[in-house]
Amino acid sequence: MAKQSGVSSRGLALAAKIPTFFDVLKDPWSPESNPQGIVNLGLAENSLMQEEMKAFIKSHICVESHALTYGDGFTGSIKLKEAFCHFLNRHFQPYTPIAPSHMSITAGASNAIECCAWSLCDQDDYVLIGRPYWTTFRNMFGNRANVNILEVQFELLDPFGLEAVKCFKQAHARATEEGKNVKAILLCSPNNPLGRCYPEEVLQAYMRLCNELDIHLISDELYALSVWGNPEIDNPVPFKSVLSLKVETLMNPEKLHVVWGMSKDFGATGLRIGCLISQSNKQFLNACESISLFSFPSSLADNAVAELLADDSFTEHFIALNRARLSDNYQHVTRFLKAHEISYSQSNATLFVWVNLGAMVKNRAATDGDILERLRQKKVYITSGSTYASEKPGWFRIVIAHHKPVLDEGLKRIVRAISSF
């Protein structure tokens, strides 16, 4: 008889949810040291600005005894909160200036999202999100807080249009009829994986809907500053933070919450610094603070980011250079896609291009999973539309925020994989 592990049923359920990409991290491709490794164009990481980031941090290391303690508490130092306010007031242009009392600093934006799950929702509540979406939100809401994601379908509608807002209202009505308690709408703005921004009138419509339904709006604005020029788009929609709108004329301001962090716009997933902003709901922030023992950031990362966000000269240069490099890479990748007659969706934000590999596969019975397996055999990692709950099969997300030798190797492997499948 097999020996029992003694792990709880809940522990066994969590063990089954280990991310599948961890093996990719253990075998990264390098043309010199590991040419047979895996080319990773799947994880949403920005490696384009690492040299600039490393140089800044190395030149601003300042470790004091205070950094070796619990500091100013578990929701970020006073210095860091002031730096966040300075930076966000400059770049997000909030209608009401952000103050330190409006925020909680967490160990990454994922922790900030989970704080929303714990503090806005009860167990078995639901949060509405439109398809396709970053399905790791399921883990953030569900793994520990046991809050459910309810997917909204758009069918042939533009997910960034006003008609899409009506789909949320209809989904809420169906959920209510089924006895499901919906507590919030979650917007990823700019959108992951589609790489587009929501027009201001659409943001306003979501806010009015939340007011009508008396639910929260959580705006994940993690890619806010990774918006770049795409010469193929006329009059591209720019990023607009919900904080920049006159909230009290649109919805109950107590029910508006925004998440941002360092991982995407500053290419620093490893720093683990996120920010949760709620300008009119102190009770919510108090609830988040009560569990901050499990989400407070490293004092060393806290200090480094405080120095960075307070330095206007550095951040202005960094953001402009990042945007230029992302634009250049997008054009580099899409030229390759056009040359190989691979269709893609136009975008001007985030770190991705959304491509239709399914249309290129000769085996018409092939599923997204089959294509992924073929790609993995060729040692290239990207993510599929089915991973993002796409309503259409065959679509895949390619991360463009890598140096061109990495992109070129990955793209060549993708073509080799699908051209003979």
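**Entry 1: helix 8**

I began with the length of helix 8, residues 200-213. At 1.5 Å a residue, its 14 residues should span 20 Å, and the end C-alpha atoms are 20 Å apart, so the two values agree. I note here that the model is a predicted one.

Which residues of helix 8 are buried? I listed V202, L203, A205, Y206, M207, L209, C210 and L213. I kept one rule in mind: an α-helix has 3.6 residues a turn, so residues three or four places apart point the same way.

Next I asked what the buried residues of helix 8 pack against. Just past the end of helix 8 I stopped at D214, where phi is positive, about 60°.

**Entry 2: two domains**

I then looked at how the chain is divided. Domain 1 takes in 17-51 and 315-419, while domain 2 covers 63-311. I put their centres, taken over C-alpha atoms, 26 Å apart.

How many residues of domain 1 are in contact with domain 2? I have 31 on the domain 1 side, against 44 residues of domain 2. Together the two domains bury about 3300 Å², with 53% of this on carbon and sulfur atoms. On the side of domain 1, T315, N348 and E391 lose the most area to domain 2. These three residues make up 21% of what that side buries.

I turned to polar links. Between domain 1 and domain 2 there are 2 salt bridges. I also looked up the salt bridge between the side chains of K338 and E232, at 2.1 Å from N to O. For polar contacts between the domains, I noted 27 residue pairs. Helix 11 (312-339) and strand 10 (352-356) are the elements that give two or more residues to the side of domain 1 touching domain 2. Helix 11 gives the largest share, 11 residues.

Is N281 buried or exposed? I count N281 as buried because its relative accessible area is 13%, under the 20% cut-off. N281 sits in the loop between strand 8 (274-277) and helix 9 (282-290). A polar atom of the N281 side chain lies 2.9 Å from the backbone nitrogen of F284. Beyond residues up to four places away in sequence, N281 touches E254 and H257.

I went on to A145, in the loop between helix 6 (136-142) and strand 4 (148-152). A145 is buried too, with a relative accessible area of 7%. Setting aside neighbours within four places in sequence, I found A145 in contact with A117, W118 and Q123. The C-alpha atoms of A145 and S119 are 9.4 Å apart, although 26 residues separate them along the chain.

**Entry 3: backbone checks**

I looked up cis peptide bonds. One runs from R131 to P132, with omega near -10°. P132 lies in the loop between strand 3 (126-130) and helix 6. Another joins N192 and P193, with omega about 25°. I placed P193 in the loop between strand 5 and helix 8.

I ended with positive phi values. T350 is not a glycine, yet its phi is about 70°. T350 is in the loop between strand 9 (344-345) and strand 10, and it is buried at 0% relative accessible area. K379 is also a residue other than glycine, with phi near 60°. I found K379 in the loop between helix 12 (368-377) and strand 11 (380-381). At 30% relative accessibility, K379 counts as partly exposed.

Methods. Residues numbered from 1 in each chain as written. Predicted model: local features only at pLDDT ≥ 70, side-chain atom pairs only at ≥ 80, totals over all residues. Heavy atoms only, no water. Helix = DSSP H or I, 4+ residues; strand = E, 2+ residues; numbered from the N terminus. Expected span 1.5 Å × (residues − 1). Buried < 20%, exposed > 50% of the residue type's maximum accessible area, 1.4 Å probe, protein only. Contact = heavy atoms within 4.5 Å. Domains from an automatic or database assignment. Buried area = accessible area lost by both parts, 1.4 Å probe. Salt bridge = Lys/Arg side-chain N within 4 Å of Asp/Glu carboxyl O. Polar contact = N/O pair within 3.5 Å; in protein donor to acceptor, adjacent residues only side chain to side chain.
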